[in-house]
Amino acid sequence: MAIMGLLASVSPAQPLPIYFFEHLDQKDGLPHSTVFRIMQDRHGFMWFGTRNGVVKYDGIRMRLFQHDPTDINSISHNDSGGVLEDSKGYIWVRTWGGGLNRIDETTGKIRVFRHMQGDPASLSEDRVQSFFADSRGILWAGTFSKGLNRFHPDTGGFSRYLAGKAGDQGLSNNRIWSITETKDGTLWVGTDHGLNRFDVDQGQINSYYCFGDEKLSNRIRALYPGSDGRLWVGTGKGLKRFDPKTGCFAFPGTIKGFPRALLSDSISALYEDDQNILWVGTLSHGLYRVDLGTGRWDRFRRDYQKKGTLSHNDVRWIHEDRSGVLWVGTRGGGVNKLSKIYSGFTLHEGNGDDDSCPGLNSIHALADDGEGGIWSGAWYNGLNRIPKDGECASFPAALPEGPGSKDINALYGNESGELLIGTWGKGLVLYDRATRRFSRLNQGNGSVPDTRIITALARDHQGRIWAGTRENGLFRHDTATGKTLHMPEINGSRTVSALLAAPGRNLWVGTDSGLYRLDANGSTLAAFTRSTEDPASLSNNVVTALALGREDCIWVGTYQGLSRFDPATGNFRRYTTRDGLAGELIKAIVVDGSGTVWISTNRGISRIDPARDGIRNFDFPLVFNQGAAMISFSRDRIVFGGETGYLSFNPRDVLIDKTPPPMVISGISLPNKPVLPGTAYGKRVILQRPAHETDRVTLSYDENSLSISFALLDFNSPVNNIYSYRLEGCDKAWRRVLGSGAIAHYSNLPPGEYRFRVKGTSSMGQKNETGASLGISITPPFWERWYFRLGCLGSVLFLACLGIYLRLSRETRKNRVLTELVNERTRELLEQKQQLEHLSRTDPLTGLNNRRGFLERVDQEIQRHRRNKQNMSFILCDVDDFKAVNDTHGHDCGDDVLETMGRLLSREIRGQDILGRWGGEEFILLLPESDPEGAVLLVRRIQGALENQDFSWKGTKLRVTMTYGISLFSHKEGLDASVAKADKALYRGKKQGKNCAVIQT
């Protein structure tokens, strides 16, 4: 789901479940922003009734049904606010002025039912305000002023039920607002004045009134049968509850915590879901969610300052589809889509400078406090304790070194109350809950100030503390003896980013150059790095997170994907976005009590079920930070930290539907014309039934260019559904596309037999491996048919035999010579063209992209970035004192330095990074899916490589460094401005002493 924003800000004391509304309006294809009714048909398609036609929606495409005065097979009126499916699969459309329409999708035919003057079996009025299909299969239509109609499918006529005179058993009023049915088969009809009970078998009608003759209280705008047998009744003056046994209305305010505002608002839509939640739509005050079990309620309104809120406060319809997505139709705001899967999560956000808990901002470390709360370690804001109940407690002054300890990178806690605190530049701090005191664990010499940047913490089986640092290696503190062991580097790496004390007395160490397994004494037992030739190796050498899984497997997060290490085989299983992972930059990993793995990435949260290898993804408006994750000691609470707060949830509360969503082939198009069922093209009908109900189509030889659209009917986040398709007889391999590209194009297919197959995985990870298929037969032209060919064959054989004797030798020689000349010339021209194209985009000295080649590739990446909305950074780097190299050693030496520099940069960057020579001694890089912090990591890797690179000329060793300018790409500013910012940063770096990296904000 493309989540657009947070509905309401939350405080640490009163966090709310996460509710996001995604909007569909006219820019998405809706013909009008007023949507009166929504439904899902038996195949899984969504239907919207609007004021300007009816829409059928597959998650990507909308098919519009509108009135066309020139087409008798179109709906009768565009003000078509209602749509439903009856028991036979017909789609009914109610209109405001055009009667009823019945769409037969099998044949593509539309039948119109209207009021006919003088015909008592016709519809009583063309302004249809409500309709309903009951459990018997009977269609009921309520009109604006002419009562209720019952449809008789055998005759195509209607029976009418009107308001009677005083004492008659007729309806209480002729304006019908709402119709529903209770479990006992009783039909209930809400009118402009009173509620009516209709015993269909007996033909008996009884009327009920709320609070005497009060007009608005008796305007029954909405009805919904409650799970307890009573009726929820939405009136023009608040919500009521009707008990069919007593025939009495009651205020629902007697329910604990029920919102009092609903006792006076005009209620227009009602829905009670299977989780005992009542959803209430009002005419002007938005949408209410009432938990009938706990009494807790939430209100959703339009907030122009925030994305992801309700699009309009006038709610007209509420519908839940089979995948658990709630759809809300509004008068003026289009359709709102709410994925209820996120209600199991709670988002705690900070409120900036005025927040009583400043630790909610820039959280980089988390730990259980042993009392039901959490410890939060943040940059800039130090250590905070967030208890289960109560106010947040900050500890800025109690830490050693005072304010200098306010940048926290790592936390490690245990159930006894001990807390280890790793700071940025102030070393390692120990907190004892029993004494409530802080103390320092220095690097071995108490007289030397501890300036370590602690990046990872762990305790081994002997109780010794392991502390990983940035650029200072690994430390082991033995608190029993007071001794400290320092390992300045591990196999050449001085930065430790993750630690894991695993069974078997081994310590797993993640670095920026691979993963290592150490014994209790710090000796390296095994090293694991990425090999491009070995798919069972580590996914990337920059390790960001470690976690212990079931059966002692090790989960390894890296800068480019997730890996699972199997100790039995010594192999890694890689997970990337191609496998369904939300993002490839892994921030943190947590394994819950069931063995399920939760991963925070640069693109949200992923959940992996190792037993089924299934992946579910969850998108949140929170930038997660590396290492900021924890699971409570009770295993019932997982927390992920980010830049503006933290996400917490009980993994058991996140309900995952494992039912595969339906896969359908939603349409076929020939060039410039969609193929509609029942519609003639030329003299024949190509589709006798809708595409999703068709097994095979036959096309003529001149209809051999076509497009096939398909959809996985899971609406949580359709654009993030993943598809694989293949045309058997044409495609050699499966093609993979994301949701927005769910269409296949084929051109100039030869006559023959084909079968198109498609399968998919939803954004929640449900896989439909069976998929959908469509057979395609393309018939040959008449001159390729057997009887024509047989006649031609006899003539050709006679002429061929005559000519073969006279011309075979001469023509064979001539053709051979001509063919060789043509082929040779063709090869020469192709080689020249390819060489020219390559030279126009390539720097001749370094072999890298020149400025033109770089900009062309960057333009493609910007288009992808515009869709994915991920960070993207530029690095502009310049060789320091390059003029002096040329002046001292000559230009040949300068060229050699530039060639060597180009090879070094190509070796150090990632596969998706784009590198080019910008001009002179300047090089430029684009880092997709990377923020400036990630760019700094790459710069440090390049600096390390430069230090180890041998630059020499005619026996003289040269020292070569570079200065780097970094900027974050912005669509608003554009490419030129982003490069200019990097250039400014480069200039600042030159002034600051060179051989450094500067970020321009």
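**Exercise 1: Aromatic pairs**

Both Phe-854 and Trp-918 are buried, where buried means under 20% relative accessible area, exposed over 50% and partly exposed in between, with a 1.4 Å probe and protein chains only. The model is predicted, so local features need pLDDT of at least 70 and side-chain atom pairs pLDDT 80 or more, while totals for chains, interfaces and linings use all residues. Residues are numbered from 1 along each chain as its sequence is written, and side-chain values use heavy atoms, without hydrogens and water.

Task. Classify the pair formed by the rings of Tyr-342 and Phe-620.

Solution. 
1. Rings of Phe, Tyr and Trp (its six-membered ring) pair if their centres lie within 6.5 Å; planes under 30 degrees apart are stacked, over 60 edge-to-face, and the rest tilted.
2. Searching the whole structure gives 50 aromatic pairs.
3. For Tyr-342 and Phe-620, the centres are 5.4 Å apart and the planes stand at 85 degrees, so the pair is edge-to-face.
4. Tyr-342 is buried, with a relative accessible area of 1%; Phe-620 is also buried, at 6%.
5. Phe-854 and Trp-918 likewise form an edge-to-face pair, with 6.1 Å between centres and 80 degrees between planes.

**Exercise 2: Helix span**

Task. Compare the span of helix 5 (residues 932-948) with its expected value.

Solution. 
1. Helices (H or I, at least four residues) are DSSP runs, numbered from the N terminus.
2. The expected span is 1.5 Å times one less than the number of residues.
3. Helix 5 has 17 residues and reaches 25 Å from first to last C-alpha, close to the expected 24 Å.
4. Its buried residues include Pro-932, Val-939 and Leu-946.

Note on methods:
Helices (H or I, at least four residues) and strands (E, at least two) are DSSP runs, numbered from the N terminus.
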